[in-house]
Amino acid sequence: AERLVRVEEAQIRTEERLARLEEVVARLAEAQVRIEKRMDDHVRKVEDRLNAFGAVVGRTAEGRMAVYMERWLQQQGFQVLDPIAALPLGSEGEIDGVTRVQDASGQVRWVLISCKLHVTSQHLENFDGNLRRKRVQEFLKAFGISGKALAFIFGLTLDINVLRMGKRFPLGLVLEERGQIFAASEIDLEAPAEGS
């Protein structure tokens, strides 16, 4: 009987320890949830700050592009007819710079510019592809942008692959402080578009 009492007491102690252990585990789980929430909040704040910083850097580069490209186009013999302005394309993104220019013979055409801090061959491929997409051409047409155009990528620096692949596209490439790397070929914004 005494042995049974000792076993019962040991079982009670074990149950008490188990209850305390369950309580500790529950508190640890609650603390972990609080830590994860704080981390999620912190990560969100860092992401928001990075996005805000990226937007400032991007807009600063676009401002430099507008000034540089206007001057550069004039040096190429064009009269710049409109200030270079960004053109939002809804869910299709935006074209960082759009203007009309007139050449010495009086021909007016559009200039479309994508601005990148560091130009990669993927940027060339994406910009060329976007200008060929039906939805983008519809957006352009809605803003009165049609006919012949010159398309450029403006950048501060470039990836070496751009030098190898750049000539495959009708896009011009102009680097700040270095000028034209590739000349733009005239594109027809009313040529049959690809896909959506």
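The exercises that follow concern a predicted model, and they go from the overall fold to single residues.

**Exercise 1. Describe the overall make-up of the protein.**

Solution. Begin with the inventory of secondary structure: the protein has 4 helices and 8 strands, and along the sequence these elements follow the pattern α-β-β-β-β-α-α-β-α-β-β-β. Next consider burial, where buried residues account for 32% of the 196 residues. Finally turn to the contacts between residues at least 6 apart in sequence, of which 59% join residues at least 24 apart.

**Exercise 2. Determine which residues of helix 3 are buried, and how they are arranged around its axis.**

Solution. Start with the buried residues of helix 3, which spans residues 134–142; they are Val-136, Gln-137 and Leu-140. Viewed down the axis of helix 3, these buried residues fall within an arc of 100 degrees, so they line one face of the helix. This can be set beside a general rule: an α-helix has 3.6 residues a turn, so residues three or four places apart point the same way. On the other side of helix 3, Lys-141 and Ala-142 are exposed. The partners of the buried residues of helix 3 are strand 2 (85–88), strand 3 (94–102), strand 4 (108–119) and helix 2 (121–132), against which they pack.

**Exercise 3. Classify the packing of helix 2 and helix 3, and name the residues that make the contact.**

Solution. First take the geometry: the axes of helix 2 and helix 3 come within 5 Å and cross at roughly 70 degrees. Crossing angles of 65 to 115 degrees count as roughly perpendicular, and helix 2 and helix 3 are therefore roughly perpendicular to each other. The contact is made by Asn-130, Leu-131 and Arg-132 from helix 2, together with Lys-134, Val-136 and Gln-137 from helix 3. Sorted by class, this contact of helix 2 with helix 3 has 2 nonpolar, 2 polar and 2 charged residues.

**Exercise 4. Find the aromatic pairs, and state which elements they link.**

Solution. In one of them, Tyr-68 and Phe-154 lie 5.7 Å apart, centre to centre, with 45 degrees between the planes, and the pair is classed as tilted. Tyr-68 is in helix 1 (residues 2–75) and Phe-154 in strand 5 (residues 148–158), so that the pair links distant parts of the chain, 86 residues apart. Both Tyr-68 and Phe-154 are buried. Trp-72 and Phe-152 form an edge-to-face pair, at 5.4 Å centre to centre and with 80 degrees between the planes. Since Trp-72 lies in helix 1 and Phe-152 in strand 5, this pair ties together parts that are 80 residues apart in sequence. Trp-72 and Phe-152 are buried as well.

Notes. Residues numbered from 1 in each chain as written. Predicted model: local features only at pLDDT ≥ 70, side-chain atom pairs only at ≥ 80, totals over all residues. Heavy atoms only, no water. Buried < 20%, exposed > 50% of the residue type's maximum accessible area, 1.4 Å probe, protein only. Helix = DSSP H or I, 4+ residues; strand = E, 2+ residues; numbered from the N terminus. Arc of directions from axis to C-beta. Contact = heavy atoms within 4.5 Å. Axes fitted to C-alpha atoms, helices over the stretch in contact; angles between N-to-C directions. Parallel < 35°, antiparallel > 145°, perpendicular 65-115°, else oblique. Nonpolar A, V, L, I, M, F, W, Y, C, P; charged D, E, K, R; others polar. Phe/Tyr/Trp six-rings, centres within 6.5 Å; stacked < 30°, edge-to-face > 60°.
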